[in-house]
Amino acid sequence: MFSAVRTYVSDLWARREFAWYLAMGNLKARNASTSFGLLWWVINPLLLGSVYWVVFGILFDRGTLELTRGGEFYELSFLAYLLSGMFPFFFTQSAMTGGVNSIVSNTKLLANLHFPRLILPIAALVESSVGFVTSMGVFFLIVGPINGIWPGPWTLWLFPVMLIHLLFNFGLSTIVARVAVPFRDLNNLVPYFTRLWLYMSPVIYEASFLEGKGELVERMFRLNPLFPILELYRHALTGVDIDLASSLLAATGWAVVLSTLGVAWFVKYEGKMARYL
Amino acid sequence: MSSPAIVAKDITVRFRPMVDRNPTLRRSIGRMRHRETQELVALDGVDLTINKGEAFGIIGRNGAGKSTFLRVMARTLKPDEGSVNVYGKTSTLLQLGVGFNVQLSGRRNILLGGLAAGLRKSEIDEKYDSIVEYAGLEYAIDRPVRTYSSGMFSRLAFAVGMALEPNILLLDEVLAVGDESFRNKSMDTMRELLAKAGTIVFVSHALPNVAEFCDRVMWLEAGKVRMIGEASAVVEAYQTAVQEAR
């Protein structure tokens with residue numbers, strides 16, 4: 001068992017260049033076939049963000065959020081709050097979409113060549129990560145001039161948080177990649193699932209919004225793995241106070257469990273994948 | 001001389017095409033209602049040893065299991081029963097242009113195809129010039145591959161496949177690659193491979209080619225070995241059977 005894991009990991013490592021250039025090739029091809037190319041990674045969450053900005057920021061007039069930063073009262077603009085959740089959420093969403101397609105859209109590779117199949121969801125994840133990292137820079141380019149929110153010492157948290165989030169997305173994408181092979185219908189379900197997930201996550205509302213909705217509801221919403229992850233991003237991007245320890249613990253737990261289970265489940269199924277092409 | 005390159009023991013592959021091919025919800029419901037699903041036996045206990053330095057042909061009607069057998073040898077399809085051992089670096093040309101992205105340039109696709117086949121980037125960089133020269137595509141290498149003619153595409157794909165410098169080459173109907181002069185070149189390359197104790201296994205319907213090029217041939221029928229033996233004898237027997245069936 002242990003030696004099989006080691007062989008698989010070393011096979012995977014030997015093929016790391018393949019994963020990287022596969023992802024770069026897809027990005028490059030997309031750049032070549034659309035006018036805006038890589039910019040779409042920024043335009044997509046921006047458009048998404050502005051849709052919700054129009055609805056909740058303007059129509060429902062959310063104005064500002066009264067939070068604390070460093071223990072002191074702090075007014076955070078709704079725009080900054082929205083985008084600090086929307087961009088990370090979009091990373092998970094695109095990791096899922098990429099994961100679903102990673103195996104079923106590469107049937108030619110699967111039918112012809114023997115290699116660790118995990119390469120394919122990894123390459124898809126690399127692709128969406130490139131876009132996400134870009135969008136993190138854009139976040140400050142927007143809220144910096146508009147709301148005066150610039151990186152501070154808390155921004156250092158961004159690196160561990162992104163790592164945890166990456167691990168979580170990796171687990172998620174291996175699971176959906178595996179499920180999509182025998183069950184292609186998943187492709188049709190993902191858009192509805194991600195929309196529901198968006199509404200169940202603290203992107204357009206803040207955590208305190210759940211107070212008074214009943215203990216059961218609040219507990220259910222807090223079970224959402226994106227809950228602690230988005231909280232961590234809030235802190236890392238805007239510096240507002242959160243319960244850092246418990247969020248870190250929950251997010252790391254989710255990421256480790258999901259990626260371990262996802263990878264094990266995916267690898268166990270590899271031998272059968274070619275039969276569903 | 002005759003140390004084995006590929007040893008296949010009792011290979012059996014079954015498909016359940018109705019359910020497995022495209023298991024949508026509707027068919028899943030159908031399955032719940034006990035709709036009968038036919039099992040298709042693609043390979044039925046195939047035993048075979050292919051030696052080093054041998055050119056081995058596989059013939060048979062459509063659906064006899066030829067391509068399935070190649071996939072088992074390429075280790076992309078795990079057989080339901082039996083085992084296959086492959087001794088050597090294998091290059092599979094079951095389809096051409098595996099790993100290619102036609103939006104990208106020929107240059108980029110040499111990298112992608114080479115990495116997909118199992119080469120390292122440094123090896124590809126080293127062999128890059130000879131690959132381009134072999135394919136005869138110096139003039140078009142920076143153009144997107146979607147603008148290539150099918151002959152150019154095949155030449156590039158074959159050149160990348162051979163860049164792996166395999167000991168074992170698995171081919172599926174791709175011998176008729178490119179124009180006359182490229183075909184001769186690719187035949188020469190394959191003869192070189194055989195001379196260096198390499199092994200070639202190929203599936204083809206071009207019977208004269210098979211008889212001329214191969215040492216031994218296996219005739220598959222409905223997933224079973226009908227005959228294995230000296231190339232021209234098997235090809236002749238197969239042709240006779242086909243004519244009688246008419």
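B:Phe100 and B:Phe153 are both buried, where buried means under 20% relative accessible area, exposed over 50% and partly exposed in between, computed with a 1.4 Å probe on protein chains only. The model is predicted, and local features need pLDDT of at least 70, side-chain atom pairs count only at pLDDT 80 or more, and totals for chains, interfaces and linings use all residues. Residues are numbered from 1 along each chain as its sequence is written, chains are lettered from A and ligands numbered from 1 in the order in which they are written, and side-chain values use heavy atoms, with hydrogens and water left out.

**Aromatic pairs**

A pair of aromatic rings is described by the distance of the centres and the angle of the planes. Rings of Phe, Tyr and Trp (its six-membered ring) pair if their centres lie within 6.5 Å, and planes under 30 degrees apart count as stacked, over 60 as edge-to-face and the rest as tilted.

| Pair | Centre to centre | Angle between planes | Class |
|---|---|---|---|
| B:Phe100 and B:Phe153 | 5.7 Å | 75° | edge-to-face |
| B:Tyr134 and B:Phe158 | 6.4 Å | 25° | stacked |

B:Tyr134 is buried because its relative accessible area is 19%, and B:Phe158 is buried at 2%.

In chain A, ring pairs join A:Phe89, A:Phe168, A:Phe193 and A:Trp197 into a cluster.

**Around B:Gln103**

B:Gln103 lies in the loop between S5 and H4 of chain B, and its relative accessibility of 30% makes it partly exposed. Leaving aside residues up to four places away in sequence, B:Gln103 touches A:Ala29, B:Pro144 and B:Arg146, contact meaning heavy atoms within 4.5 Å. The C-alpha atoms of B:Gln103 and B:Arg143 are separated by 9.3 Å, although these residues are 40 residues apart along the chain.

How values were computed:
Helices (H or I, at least four residues) and strands (E, at least two) are DSSP runs, numbered from the N terminus.
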